[in-house]
Amino acid sequence: MQNFPIAPQLLQEIDQLSNVQLAWLSGYAWAKSQTANNQAAVANVPNQAPTRNITVLSASQTGNARGVAEKLLKALVEAKLSANLVSTGDYKIKSIGNEDIVLLVSSTQGEGDPPEEAIPLFKFLYGNKAPDLSKLNYAVLALGDSSYPDFCQAGRLFDEKLADLGANRLLDRVDCDIDFETPSAQWIENIVQKLFELIPENDSVGTPVVSVANPSISSGTVYTKEEPYTATLSLRQKITSRKANKDVQHIEIDISNSNMVYQVGDSLGVWFKNDPQLVDEILKTCHLSGDEVIKLEDETQVDIRHALLELDEITQNSPQFIKGLAALSLDEELLHIANDPVAMQSLVDNTPILSLLQKYPADIYAQALHNSLRPLTPRFYSIASSQLEVEDEVHLTVGVIRFEHEGRIYTGGASSFLGERLEEGDELKVFVEPNNNFRLPTDPSTPIIMIASGTGIAPFRAFMQERENTDATGKNWLVFGNQKFTDDFLYQVEWQSWHKQGLLNRVSLAWSRQGLSKVYVQHKIEQEAETLWQWLQEGAHIYVCGDANKMAKDVEQKLLQLIQDKGHLTEDDAEEYLNELRIADRYQRDVY
């Protein structure tokens, strides 16, 4: 066997690649080696059928849909089918009418909306210029969270519209809840089998070539949801006043020796542990000691206390839990609610799991309790720091969620873990979730307008640190809203310092509980419409971070009105103008 020398630098780079990138590189290298032979073979085959082209589209908000799309791509490669994986944020939307086969994996955010990166495609398909898709074959896999009323709505709407535009559905859509691994794996197996039957072996020439659009190869070590890094909490500091209605904590996490790399605009995934006091109350209500042994899906055995602390979701109610409790308790009222979608959704939104267990008591075995609860999932926080500034740290801005129900104070699972229970020096498991659809302009002279409410200010602190450390010359404008100037101006000293030194050129502040009338960020946009339009004409990029269902939608309506008025455009033309800004990465949102 002959040995071939490989440059040490190449071996080092190869070690950093993910499985999908290795698959891409393998296919690319093989294809390059076979080019001459394939060309000769094709030349000698008369009337050869054209190769079928498969495009895998990933529409992801927190990375789950992208991860499933990568698994789909791997399965297609193993089946020797040519495929191309593209995120919808990088996809040329007007080319969809020329596609052969499109497999779309889409998550849902907010009130049934598509992920941020998929909004241009969604608006294009639902717009007046939607294309004829009669030549397209497609299938959709939808990811969502059944605790929200519009479960998997984005995937459903994509599926329906593609069919309405004439496309041929290859496989029925499957809607996956947060425990999406098993149903998504079955869907992948089914669609690969369908394509294997659809595409005869002689339709392909040579080895399939797999391309991944814009693979993000980091120079650092990549940690994932499945393999996170064990970091340390180095600092927690309250940044709202003692009189404030909100408790917002500045969190600093030590990632020394991790070789972890992140960019401004990225999010940090945090695996948290549930509150031990809440776990004890649930065990007591269910008459369990906590030592009872249960079996997990992978046949591993653990005690129920461990499962409730680290594996089960006990702070967010769900239809799954309500239906499970109804079947166990046989309570007539709860059984009626479980069969009424509207009543059940109201219970999901307003009643904690512990309160339900107390109101509808039942003899619940430990295994049945675990089976009725959904798996714990990591929470994502916008990173509030630039690595150029803080190096081996990552900063977060965490609003601790607290609410009262029937005389008891409940807290958010992850926010109370980070903002209350975790002590400085304690360990936590984290990983970076890249957000390539929330990036600073590549040209440092480009002006930026940052619109935020509450903890949505976090990524803009990172933006300013990055702009300062790179000597960016572009103008910077902050539009920020919260309740009171005296209580809730997050990172006030830093913003004032940037303004004093001239890095922050313009500041517009909106306080909703300070004066006689409530003032929000959308009011500031309306008041300063002329200046904002002028900045847009200068090429400014607009960024929005905050609540998806209220603030972000109100801001978008004001922007559309501004564009319509100042640009002398019709309502439809203003919509198209804003969508073109999206496509050009000049209108980016990080909403939740």
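**Salt bridges and cores in a predicted model**

Lys129 is exposed, with a relative accessible area of 60% (exposed means over 50%, buried under 20%, partly exposed in between, with a 1.4 Å probe and protein chains only). This is a predicted model, where local features need pLDDT of at least 70 and side-chain atom pairs count only at pLDDT 80 or more, while totals for chains, interfaces and linings use all residues. Residues are numbered from 1 along each chain as its sequence is written, and side-chain values use heavy atoms, leaving out hydrogens and water.

Let's stay with Lys129, which forms a salt bridge with Glu576, their closest N and O atoms being 3.3 Å apart (the term asks for a side-chain nitrogen of Lys or Arg within 4 Å of a carboxyl oxygen of Asp or Glu). This pair links distant parts of the chain, 447 residues apart, with Glu576 in helix α22 (residues 571-583). Helices here are DSSP runs of H or I with at least four residues, and strands are E runs of at least two, numbered from the N terminus.

Helix α3 holds Arg66 and strand β17 holds Glu433, 367 residues apart. Glu433 is buried at 10%, whereas Arg66 is partly exposed at 29%. In total, the structure holds 28 salt bridges.

Now turn to the nonpolar side. The largest nonpolar core has 34 residues, and Leu369 is among those with the most contacts inside it (a core joins buried Ala, Val, Leu, Ile, Met, Phe, Trp, Tyr and Cys residues through side-chain atoms within 4.5 Å). A second, separate core of 28 residues includes Ala65 and Ile188.
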